Amino acid sequence: MENEVAISVKNISKKFGQHVAVNDISFDVKKGEIFGLLGPNGAGKSTLINMMTTLMQPDQGEIMINGLNIISQSRQVRSQFSVTGQSATIDKELSARENLFLFGRLNGLNHDSAHQRSEELLVDFDLVQSADHSVSTFSGGMLRRLDLAISLIGNPSILFLDEPTTGLDPRTRTQMWVAIQKLVKNGTTVLLTTQYLEEADQLADRIALIDHGRLIAEDKPSELKKLVGGLQLKVTVEQNESVIPTQSIIEKVLGKTVNVENRNLTVILDNNAFNKVSEILDKILASKIMLSSFKIEAPSLDEVFLSMTVGKN
Ligand SMILES: Nc1ncnc2c1ncn2[C@@H]1O[C@H](COP(=O)(O)OP(=O)(O)OP(=O)(O)O)[C@@H](O)[C@H]1O
């Protein structure tokens with residue numbers, strides 16, 4: 001199962017007039033993984049999703065969903081996946097339980113199966129307490145969880161999850177992340193688009209970085225971070241007057257330039273520089289410099305993203 005391909009995208013291109021929206025993109029999504037599609041506005045993510053979900057035909061290339069061709073077998077392809085973000089179709093006058101049952105029946109489940117599946121999903125998405133309240137009383141986070149539950153009512157093998165937490169507060173966002181991680185444990189393959197790099201970092205097994213219609217990188221979040229450079233030493237001093245002496249200590253020990261922003265000093269550690277970190281700390285402390293923090297970190301995904309994408313699309 002691990003290496004079976006759920007979505008295969010091969011040399012896909014799409015033009016609108018003279019504008020190339022998707023330019024020769026290829027990637028595979030394996031069954032049971034969360035695959036993140038990341039890119040700035042206008043990069044080509046929606047166009048790719050529209051082609052994968054049979055709403056649009058590519059000009060060139062081939063897309064297979066669970067081994068089925070999106071053009072010649074589009075009907076069967078449509079039974080393989082579900083797309084979230086359908087909350088506009090939720091009936092706000094009905095309860096969560098009623099909505100789930102209704103969508104279950106619309107998805108072809110019989111009365112008993114629709115009932116049973118609704119009850120399972122209410123538990124999975126932490127909606128049991130409010131299952132019989134009118135959806136019009138729901139918070140944004142509850143609505144998003146109900147939307148996710150509805151998209152799973154027919155047990156799709158693949159879920160296209162378009163910006164699942166846009167507009168949610170941090171606590172509700174974390175609850176959604178837990179819900180999404182549960183999906184994958186149940187075997188669902190997830191293709192996630194997000195504008196939050198932190199979200200892709202938290203959730204995705206692999207990420208495809210898209211810019212100006214091209215695939216510019218595809219890897220595990222940890223590997224993408226390595227592309228920007230190794231680990232970084234990040235030092236924050238308590239007082240402004242300590243910045244220059246600290247900078248000079250680090251630069252002397254490492255023999256390279258330190259990046260300074262306010263009271264934060266950052267430098268990428270080359271492979272042989274780790275044994276010099278304790279020397280730096282000793283010298284700073286011996287100079288009676290007060291530190292707010294002294295840490296070694298991997299670069300953030302934001303740093304990866306900024307270093308690889310080239311401005312506005
Ligand atoms: N129907 C269309 N007609 C003409 N141009 C289009 C059409 N759809 C998309 N485009 C253009 O193709 C490019 C890719 O757009 P797309 O919507 O796929 O990007 P995106 O990565 O999904 O962006 P966003 O994050 O803003 O949704 C953009 O330059 C966009 O203006």
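1. Let's start with the overall make-up. The protein chain contains 11 helices and 14 strands, and please keep in mind that this is a predicted model. Along its principal axes, the C-alpha trace spans about 75 × 50 × 35 Å. Of the chain's 313 residues, 33% count as buried. Among contacts with a separation of 6 or more, 69% come from residues 24 or more positions apart.

2. Four strands form an open sheet in the order S2-S1-S4-S5, paired antiparallel. Strand S2 (19-30) and strand S5 (68-69) each have a single partner strand and stand at the edges, so one side of each has no neighbour in the sheet. Strand S1 (residues 5-16) is joined to strand S4 (residues 60-65) by five bridges, with the two running antiparallel. If you want a spot to look at there, Val9 stands opposite Ile63 in S4.

3. Two backbone angles are worth a check by eye. Most residues other than glycine have a negative phi. Asp24 is not a glycine, yet its phi is positive, at about 55 degrees. This residue is found in strand S2, and Asp24 counts as partly exposed because it has 14 C-beta neighbours inside 10 Å. Asn66 is also not a glycine and has a positive phi of about 45 degrees. Asn66 lies in the loop between S4 and S5, and its 19 C-beta neighbours inside 10 Å are why Asn66 counts as partly exposed; burial would need 20 or more.

4. What lies around the ligand? Twelve residues do, written 12 in the tally, and of these Phe16, Ala21, Lys45, Ser46 and Thr47 come nearest. S2 and helix H1 (45-52) are the elements that give two or more residues to this shell. H1 gives the most, with three residues. By class, the shell has three nonpolar, eight polar and one charged residues.

5. Just after H3, Gly108 takes a positive phi of about 90 degrees.

6. There is another open sheet of four strands, with the order S12-S13-S11-S14 and antiparallel pairing. Its edges are strand S12 (259-261) and strand S14 (291-297); each has a single partner strand, so one side of each is left without a neighbour in the sheet. From one strand to the next, the twist averages 15 degrees. S12 and strand S13 (residues 264-268) run antiparallel and are joined by three bridges, with Val260 opposite Leu265 in S13. Helix H9 (residues 243-254) lies across strand S11 (232-237), S12 and S13, and runs at about 10 degrees to S13.

7. Lys220 is found in the loop between strand S10 (214-219) and helix H8 (221-227). Setting aside neighbours within four places in sequence, Lys220 is in contact with Asp205 and Arg206. For a sense of scale, the C-alpha atoms of Lys220 and Leu102 are separated by 39 Å, with the two residues 118 apart along the chain.

How values were computed:
Residues numbered from 1 in each chain as written. Predicted model: local features only at pLDDT ≥ 70, side-chain atom pairs only at ≥ 80, totals over all residues. Pairing = 2+ DSSP bridges. Near = placed C-beta within 6 Å. Nonpolar A, V, L, I, M, F, W, Y, C, P; charged D, E, K, R; others polar. Axes fitted to C-alpha atoms, helices over the stretch in contact; angles between N-to-C directions. Contact = placed C-beta atoms within 7 Å. Buried ≥ 20, exposed ≤ 12 C-beta atoms within 10 Å, placed from the backbone.
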